[in-house]
Amino acid sequence: MADEIKYEYKTVQTVRGTDGLVISRMQKDGWEFVEQSQRTLRSTLTFRRPKKPIPWPLVGAGATVLAIIAVVIATAAALSDGGEQKDEAAKPSAAVSEEPSATPTSTPPAAERAAVEVITPENNSEFAALLKADTCDAANADFATKYAGRTISFDGSIVHMTPHGDYKTRYDFLLGPGDKGPNTTVGPAFKYEDVNVAELSLTGKDVPAAIGVGDKFRFVAEVGDFNAVQCLFHLDPVSTETR
């Protein structure tokens, strides 16, 4: 139907207890809450909002411009072909050799594209401000909602490290920006939950045989959710470079 409304959809993962806060923030941005899929600790919220229609006058104008361009190209091709045939008839046949010209490559290498996709304090002002914000600041929830699933990279240190449950080789890590380890007082309380040392993917020079509180690294991680009750910003480790 011509008047049928078309929607764009978005899903957001939250920690149980923060659903209302996330729904409220999304609704302020024009999103309509659709449904909720709830698990033991996390929930998946689905939102939608109407897509902005393209004005018909612009569509018609665009089609007209394309039609004119097609006619011009076809006419130019016909004239060029006719001129080439006349020139070939007037010239004696001769063997012509031309060296192929080098074609510059405009597509950046895959490594450069991947580097651009990683969020750092240097290329993202919101992340730079977040690293200086309070542990429970609303900026944590805003950033987690906006950049969920994206990859971030920052210089930080291990604030706290404890075994996860009854495990002896799996841990919960509390990370902070900067080099102060357990004395960190500024920035989010980043948490790696239920991971072993191998999952940290240690890289760089002088990779240590063991790690502990106060150790400094360049953390690369995937953005998870923010627990507003505990003021914990969950991350999933990607790589951990010594520095």
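**Exercise 1. In what order do the elements of the chain run from the N terminus on?**

Solution. The model is predicted, so local features need pLDDT of at least 70 and side-chain atom pairs count only at pLDDT 80 or more, while totals for chains, interfaces and linings use all residues. Residues are numbered from 1 along each chain as its sequence is written, and side-chain values use heavy atoms, with hydrogens and water left out.

Step 1. Helices (H or I, at least four residues) and strands (E, at least two) are DSSP runs numbered from the N terminus.
Step 2. Read in that direction, the elements are β-α-β-β-α-α-α-α-β-β-β-β-β-β.
Step 3. The chain accordingly has five helices and nine strands.

**Exercise 2. Determine the strand order of the open sheet that contains β1, β2 and β3.**

Solution. Step 1. Two strands pair if DSSP finds at least two bridges between them. Nine bridges join β1 to β3 (residues 42-50), and these two strands run antiparallel; V12, for instance, has L45 in β3 as its bridge partner.
Step 2. The order of the three strands is β1-β3-β2, with antiparallel pairing.
Step 3. β1 (7-15) and β2 (32-38) are the edge strands, each pairing on one side only.

**Exercise 3. Identify the buried face of helix α1 and what covers it.**

Solution. Step 1. Buried means under 20% relative accessible area and exposed over 50%, with partly exposed in between (1.4 Å probe, protein chains only). In α1 (residues 19-28), the buried residues are D19, V22, I23 and M26.
Step 2. Viewed down the axis of α1, the buried residues fall within an arc of 100° (taken from the directions from the helix axis to the C-beta atoms), so they line one face of the helix.
Step 3. An α-helix has 3.6 residues a turn, so residues three or four places apart point the same way.
Step 4. G20 and K28, on the other side of α1, are exposed.
Step 5. The cover over the buried residues of α1 includes β1, β2, β3 and α5 (138-146).

**Exercise 4. Classify the aromatic pair formed by F127 and F143.**

Solution. Step 1. Rings of Phe, Tyr and Trp (its six-membered ring) pair if their centres lie within 6.5 Å; planes under 30 degrees apart count as stacked, over 60 as edge-to-face and the rest as tilted.
Step 2. The structure holds 13 aromatic pairs. The pair of F127 and F143 has 5.4 Å centre to centre and 25° between the planes, and is stacked.
Step 3. F127 lies in α4 (residues 125-130) and F143 in α5, so the pair ties together parts that are 16 residues apart in sequence.
Step 4. Both F127 and F143 are buried.

Notes
Contact = heavy atoms within 4.5 Å.
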